[in-house]
Amino acid sequence: MKQALVLGIVAAVAWLPAAAQTADPTAAEFDKFRAIMEQDNPAELFEVKGEELWRARRGPKNASLEQCDLGLGAGVVKGAYAQMPRYFADADRVMDVEARIVHCMMTLQGFKYEELAKQPFSNETRTPEPVSLVTYVAAQSRGMKLASPQNHPKERDAYETGKAIFHYRAGAFDFSCASCHGVDDKRIRTQPLPNFTKPEQAILAVRGWPGYRMTGGLMHTLQWRLNDCYRQQRFPEPGYVSETLSALLTYVTVNANGQVYRGPGIKR
Amino acid sequence: MHDTRRTVLKGVWAIGALASAVAAGLLSPGRVFAAWNKSAFEAKSTIDAMKSLGFGNAEDSKAIEIRAPDIAENGAVVPIDITSAIPGTTSISVFIEKNPFPYTGTFDVSQGALPYVHLRVKIGESSQVRVVVAAGGKHYMAAKEVKVTIGGCGG
Amino acid sequence: MADPMKIRATVQGDVADVRVLMAHPMETGQRKDAAGKIVPLHFIQTITAQLNGKTVFNADVSQAVSRNPVFAFKVKGAKAGDKLSITWQDNKGDKRADEVVIGAGS
Amino acid sequence: MRLACAGLLAAAAALLASCAAPTRDYQPDALAMMKRDFHARGSAGMDRLNEDSVQAACNKSQDNPPQEVAAKLEKEQFAAIKWPADGKLTGDWKAGERIAQNGRGMAWNDKAGEGGSCYNCHQVGPGESSFGTVGPSLYQFAKKRGYGMDIQRYAYGKIYNAKAYNLCSQMPRFGHVKALTEQQMKDLTALLMDPASPVNQ
């Protein structure tokens, strides 16, 4: 009883309102140099590589990816990224760009999922092929408005499921995606945390990805970003190109629909 | 610089290698006398590196503009823009004082380039970025501090 | 063999604005790999740019240049249609040369 | 109705909030999908996908549980706090600063008991400019609140289990899930409470 009283008093003084969040000078300094960094972005090196890979005959079936249907018809790359994730009847699921490219590598070229999922992320000695391919495909939607469709029932289910996954708190630290990305004007260390539940900020989950990450100097896709978010969320590991990740990407991309995608970016 | 040139000129094999490099178009005749300065690049302090390069008497100048972030978003990739307004600028050299090997490079603009360069460098900890400009046989310098911080979750 | 560079060169008046991206690990000799072994020094040492075959810009650099290097410089006396080539060589003797035709600026 | 909303989504993203009202509860679908798609890695087992009572109450209510539910669970969480047997709540603030700076611990590639990740979310000492703002500033924590035993106990208890004080707080329960040892929590308490700590300068 006495305990509760003391707690009450402490609670009243403990959480003083956060210092008025005026313009963050550190973030402003980063922004000043962002345009310079984006103007000459090593991501372009991977874009070139990805285009080569798209056209090359590869895999057990010695086929190129030029017959891959990214949602706008076989072989149509221009604008496809801006309209993903979307539902694909041949796979009967909603797929984000990397899930779709991996699907095409399996069906057209004969690669095995297990091989592609074994080491799917870039490191200092290797950039996996899907990473360069995603960079190439994404670059072909530069300057276009995002329009991830919500027409098929499974696309609407993916949005709602993704939203529920986004807000699901669990794990050792009780975190959900929303713990960091559900409120305005917060940052981790010096890194700003956009609020992905709001349309004008959700674009920041899409813009800049795939991205050349200054840390390590590696090209990364949203599959990597979500994987590393779940690591830091203290969850177990999500499967590579799994439906969970496509659903999450559907949620944030649809929230950002109508806004312009600026192409592969550069990230801290 | 002299050490390297002497090594290059001493052995026949070295001359042969150099000649074939020129033939391969790798080295233009214009750069033969500016061999990569090993002793400067391996110096552990800016002062030692500047001595190796013959920059001992550089004087401060306000005519060198260094554009770099006050706080770097990531020390692995720090953008630096350097412009010299000193007439007759022939080269621009960069030193990151707190790096294990401060001397980062020299950009020779004497053969048809404007006195400007953009580069991106690794800065291990908060450091002065020092720039030395050679012009008319003399050396001038300026410096700018770049702070390096922890950006993400640190995990 | 090393991957190609990406070179952008556009002319404004008689000055070409040259921007180049290079694919190179720029190993500092201080990083450890996943197995805990030091990755040996491996970095670009020299860069040369030529305008229609004549050297116009030289650089000697260290391992402190960032991985996948980016450089920009400005070349005098250039016009649209001129050929600009860039060559780099690293400390292991590996090299790469690429050429572009200078484009008209906006 | 749903179709009309989907059309509006593309046309006017601002209407999203009003359109997105789901026709059913998707959380069971979400959990089933995650259980199918995730796998255990390192120290992070699949059991981490399951909600405990606190997480369940917060998930169910969008972090806004009914007063009586919150009060009951907060009381349970508080009762489970293990206070140091020697009665001493503070250790070495210098060790505390190192723990506060360290962002590792409990991820699949970490061991437990590495760091407290404090700077990720809080301003703590004045010497570190790279601090997060998810949580409130802790600079001058005791200088502002007092150095008494009640505040010490509050600091230690909050680090041990933030949910004992505010059920759906975004702060991890460092003692409750054994992410930090008793000594580490004492050191962090010292960082906040010691008059000599830079926090209180």
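This is a predicted model: local features need pLDDT of at least 70, side-chain atom pairs count only at pLDDT 80 or more; totals for chains, interfaces and linings use all residues.
## Chain D against chain A: extent

The contact involves 73 residues of chain D and 52 residues of chain A. Together the two chains bury about 5,600 Å². Carbon and sulfur atoms account for 59% of that area. On the chain D side, three residues lose the most area to chain A: Phe38(D), Trp108(D) and Thr133(D). Together they make up 12% of what that side buries.

## Chain D against chain A: polar links

Seven salt bridges are counted between chain D and chain A. One pair that meets in a salt bridge is Arg169(A) and Asp63(D), whose side chains come to 3.0 Å, N to O. Between chain D and chain A, 30 residue pairs are in polar contact, both residues being at pLDDT 80 or more.

## Chain D against chain A: elements

Which elements of chain D each supply at least two residues to the side that touches chain A? They are the helices α1 (2-11), α3 (27-37), α4 (53-60), α7 (118-121), α8 (141-145) and α9 (149-160), along with the strand β1 (38-39). Helix α3(D) gives the most, with eight residues. By class, this side of chain D holds 36 nonpolar, 18 polar and 19 charged residues.

Strand β8 of chain A, residues 237-238, pairs with β1(D). The pairing is antiparallel and runs over two bridges. Within it, Phe38(D) in β1(D) is the bridge partner of Pro238(A). Phe38(D) is also among the three residues of chain D that lose the most area to chain A.

## Chain C against chain B: extent

Chain C and chain B bury about 2,900 Å² between them. Of this area, 53% lies on carbon and sulfur atoms. In chain C, the residues that lose the most area to chain B are Asn58(C), Asp60(C) and Lys74(C). Together these three make up 21% of what the chain C side buries.

How many salt bridges are counted between chain C and chain B? The count is zero. Polar contacts are present, though: 17 residue pairs across the interface are in polar contact, both residues being at pLDDT 80 or more.

## Chain C against chain B: elements

Strand β7 of chain B, residues 116-121, joins β5(C) through two bridges. The two strands run antiparallel. His118(B) stands opposite Ala72(C) in β5(C).

## A serine in chain B

Ser84(B) belongs to strand β4 of chain B, residues 78-84. Is Ser84(B) buried or exposed? Ser84(B) is buried, because its relative accessible area is 5%, under the 20% cut-off.

Leaving out residues up to four places away in sequence, Ser84(B) touches Ala63(B), Thr89(B), Pro115(B) and Val133(B). Its side chain also has a polar neighbor. A polar atom of the Ser84(B) side chain lies 3.1 Å from the backbone nitrogen of Ile86(B).

Key
Residues are numbered from 1 along each chain as its sequence is written. Chains are lettered from A and ligands numbered from 1 in the order in which they are written. Side-chain values use heavy atoms; hydrogens and water are left out. Buried area is the accessible area (1.4 Å probe) that two parts lose on being put together, summed over both. A salt bridge is a side-chain nitrogen of Lys or Arg within 4 Å of a carboxyl oxygen of Asp or Glu. A polar contact is a pair of N or O atoms within 3.5 Å; within protein, one must be able to donate a hydrogen and the other to accept it, and residues adjacent in sequence count only if both atoms are side-chain atoms. Two strands pair if DSSP finds at least two bridges between them. Helices (H or I, at least four residues) and strands (E, at least two) are DSSP runs, numbered from the N terminus. Buried means under 20% relative accessible area, exposed over 50%, partly exposed in between (1.4 Å probe, protein chains only). Contact means heavy atoms within 4.5 Å. Ala, Val, Leu, Ile, Met, Phe, Trp, Tyr, Cys and Pro count as nonpolar, Asp, Glu, Lys and Arg as charged, and the others, Gly among them, as polar.
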